[in-house]
Amino acid sequence: MKVYIETYGCAANKSDSEIMAGILIERGYEITFNEEEADYIVVNTCGVKKQSEDRILKRLQDLAKTNKKIIIAGCLPRINIEKVKSKIPNYHALMDTYSIDKIDLAVQKGGIIFSEKPPEKPCLPKYSFSNVISIIQIGEGCLSACSFCATKFARGKAVSFKPTTILKSIEEAVAKGYKEIWLTSQDNSCYGKDINTNLAELMMAISKIKGKFWVRVGMMNPLHIKPFLDELIEAYKSEKFFKFLHLPVQSGSNEVLRHMRRGYRVEDFVFFVNRFREEIPDITISTDIIVGYPTEREKDFRKTVSLLKKVKPDVVNLSRFTARKGTIAASLKQLDSKIVNERSKKVHEIVRKILEKKNKRWVGWKGEVLIDEKTKNITIGRNIFYKPIIVSGNLGEFREIEIIKSFANFFIGK
């Protein structure tokens, strides 16, 4: 029997899909990349944004018209199960993120499969969809209670996976020839709080693994990193780690951050960025911005603009606020969509100008890149600062290059 897996959302979702594929292969199923020839279609859903949910629900509606057996996995079954059922009443199975180790049961018997806690994901079988990148989940869930986020409904309270299973999974990936490792979870900064360790200690242990590979550390909430900040910076200095810090600020207004229940102040974010830049001057700072939160006034928005101009992050993931059912923010009076769209356009233009100017200083940089992505005729390599550089080469190859041209979101090298 053939199974086609369709994945939406974050790196953790991609990892879940790889684990489900690995388990199915072990059980004798064939993974196909041709939807038409599949007997079963697994849709691994995302619920972080309303736009994503709407797109996925439309997809499920279309799949309901086929004669395929459809399994809906990921975040949406827990976030909005009734809506999912209404779009695809003839589903074969519904399963949550804690139940990916039961994917063979979902295929064989169908039904609704929810579990009370996640399995130890790093030690589960895995079929990687990349020949270069291995995604390793270090935990599940988070410790925050943000007013706008529905992901916690799906992923629950933070559970850290054992350092031993994480390290073993990385060692096995490196032995198989993987050159890039992604450490992912819903919030890497709270890793270890439930098992008496922290992210910095995990990173230091990873840095001792033999072999040539680079590690990308995923998103960290500024709320949790202060107690081990110095150790975290030291860990980042290891030659094994991309100098890439994803620290989402969300707003430049303390008032909005308080309403969002983020648990930190703008000054904390600026302090953390400055400390990293003092120790690792060229580190790539990635952040997230939400415009149009219901309590965001014009003066709050101007503070966000001022923060961006002050900090000049290297990557900005910009989102227009959309209410998620069941969250605190959904019960607030929403801003006019015109205002939200105007603010989004303004931030986008400001960020573009910042990056076009800032990235020019990288022209002439010479050094090593890892070729980790190929899309049609475009080959992309990353240097140790995780800069995306279009350059010739083979996937998985380390190459010496020079950056010869810069744009807002990428570079060209030779």
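The largest cavity in this predicted model holds about 50 Å³ of space. A search of the whole structure finds one cavity of 30 Å³ or more. A cavity is a set of points, on a 1 Å grid over the protein atoms alone, where a 1.4 Å probe fits but cannot get out. Grid points are joined across faces, edges and corners, and a volume is the space filled by probe spheres set on the points. The lining of the largest cavity consists of Ile138, Gly139, Glu140, Gly141, Ala158, Val159, Ser160, Ser185, Asp187, Cys190 and Tyr191. Two elements, β8 (139-140) and β9 (159-160), each give two or more residues to this lining. Lining residues have an atom within 4 Å of a point. Strands (E, at least two residues) and helices (H or I, at least four) are DSSP runs, numbered from the N terminus. By type, the lining residues divide into five nonpolar, four polar and two charged. Here Ala, Val, Leu, Ile, Met, Phe, Trp, Tyr, Cys and Pro count as nonpolar, Asp, Glu, Lys and Arg as charged, and the others, Gly among them, as polar.

Residues are numbered from 1 along each chain as its sequence is written. Local features need pLDDT of at least 70, side-chain atom pairs count only at pLDDT 80 or more, and totals for chains, interfaces and linings use all residues, while side-chain values use heavy atoms, with hydrogens and water left out.

Two residues other than glycine have a positive phi: Gln250, near 75°, and Lys312, near 50°. Gln250 sits in the loop between β12 (244-246) and α10 (254-260). Gln250 is buried (under 20% relative accessible area; exposed is over 50%, partly exposed in between; 1.4 Å probe, protein chains only), with a value of 8%. Lys312 occupies the loop between α12 (298-311) and β14 (315-320). Lys312 is partly exposed, at 39% relative accessibility.

Ile25, Phe33, Tyr127 and Phe129 make a nonpolar surface patch of about 390 Å². Such a patch joins nonpolar side chains (Val, Leu, Ile, Met, Phe, Trp, Tyr) within 5 Å, from residues with over 30% relative accessible area and no salt bridge. A salt bridge is a side-chain nitrogen of Lys or Arg within 4 Å of a carboxyl oxygen of Asp or Glu. Accessible areas come from the Shrake-Rupley method with a 1.4 Å probe. Ile25 lies in helix α1 (residues 11-26) and is partly exposed at 37%.

Ile103 belongs to helix α5 (residues 103-109). Ile103 is buried, at 0% relative accessible area. Ile103 and Ile113 are ten residues apart in sequence, and their C-alpha atoms lie 9.1 Å apart.

Terms used
1 Å grid on protein atoms, 1.4 Å probe; cavity = no way out; pocket = protein on both sides within 12 Å on 5 of 7 lines; lining within 4 Å. Patch = residues over 30% accessible without salt bridge, like charges linked within 9 Å, V, L, I, M, F, W, Y side chains within 5 Å.
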